[in-house]
Amino acid sequence: MTFAFPVVPRYAEIDQQGVVFNGHYLTWFDEAFTGFLDHVGLSYPELIASGFDVMVVHSELDYGGPVRWRDDARVEVACERQGTTSFTLAFRVFRSADEVAVTGRNVYVVLATDTWTKTPIPSRLAEALADA
C-alpha cells in the first residue's frame, strides 16, 4: 500500500527561482509520515504516549523537476525497508497526476522515550510498516 498526502505549495515555500525551496521537501516528508501514521490508525501522539518516538538519522533528496506555487502536488509514502530498530521510508513528490518531481528517503530509528536510546520497532508500528 502506498499512502498519498496532498500538498498545495504555499507562497512562503517558493524561492527566488519560482520553485519550492529544497528544504521544504523534508518538511513535506515529515508531514506525509505523520499523515501515514494517522492513515494506518497509529497517530504520532499515540506513538509517543506508548513510550516510543522516531528520529530521522539520514535523509536523501533527488530533484527531477520543479514544483511551483499552487501546483496540485502530493507526496507518496512507502516503506522501503524495515529492520530491528530502524526503517526506511521512500517518498515521491508528484507535481501533477503522474509526473514525479522529487524522490527521497528517510531512515528512522525508533527510540524509547524514557531513555532516548534505540529500541526495537514496536509491534503496532511494525505491522503498519509491513502493510505500507
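Hi everyone, let's start with helix α1, residues 23-39, which lies across β1, β2, β3, β4 (86-94) and β5 (100-112). Its direction is at about 130° to β1. Keep in mind, please, that this is a predicted model.

There is another helix on the sheet as well: α3, residues 123-130, packs there and touches β2, β3, β4 and β5. The direction of α3 makes about 115° with that of β3.

Now the sheet itself. What is the order of its five strands? Reading across, you get β1-β3-β4-β5-β2, in an open sheet with antiparallel pairing. At the edges sit β1 (3-7) and β2 (52-63), each pairing on one side only. From one strand to the next, the twist averages 25°.

Let me zoom in on one of those pairings. β1 and β3, the latter covering residues 73-82, run antiparallel and are joined by five bridges. If you'd like a place to look, find Pro-6: its bridge partner in β3 is Arg-74.

Next, a bit of backbone geometry. Most residues other than glycine have a negative phi. You'll find Arg-70 in the loop between β2 and β3. Is Arg-70 buried or exposed? Its relative accessible area is 58%, and exposed means over 50%, so Arg-70 counts as exposed.

Then there is Trp-116, also a residue other than glycine, with a positive phi near 55°. Trp-116 lies in the loop between β5 and α3.

Note on methods
Residues numbered from 1 in each chain as written. Predicted model: local features only at pLDDT ≥ 70, side-chain atom pairs only at ≥ 80, totals over all residues. Heavy atoms only, no water. Pairing = 2+ DSSP bridges. Helix = DSSP H or I, 4+ residues; strand = E, 2+ residues; numbered from the N terminus. Axes fitted to C-alpha atoms, helices over the stretch in contact; angles between N-to-C directions. Contact = heavy atoms within 4.5 Å. Buried < 20%, exposed > 50% of the residue type's maximum accessible area, 1.4 Å probe, protein only.
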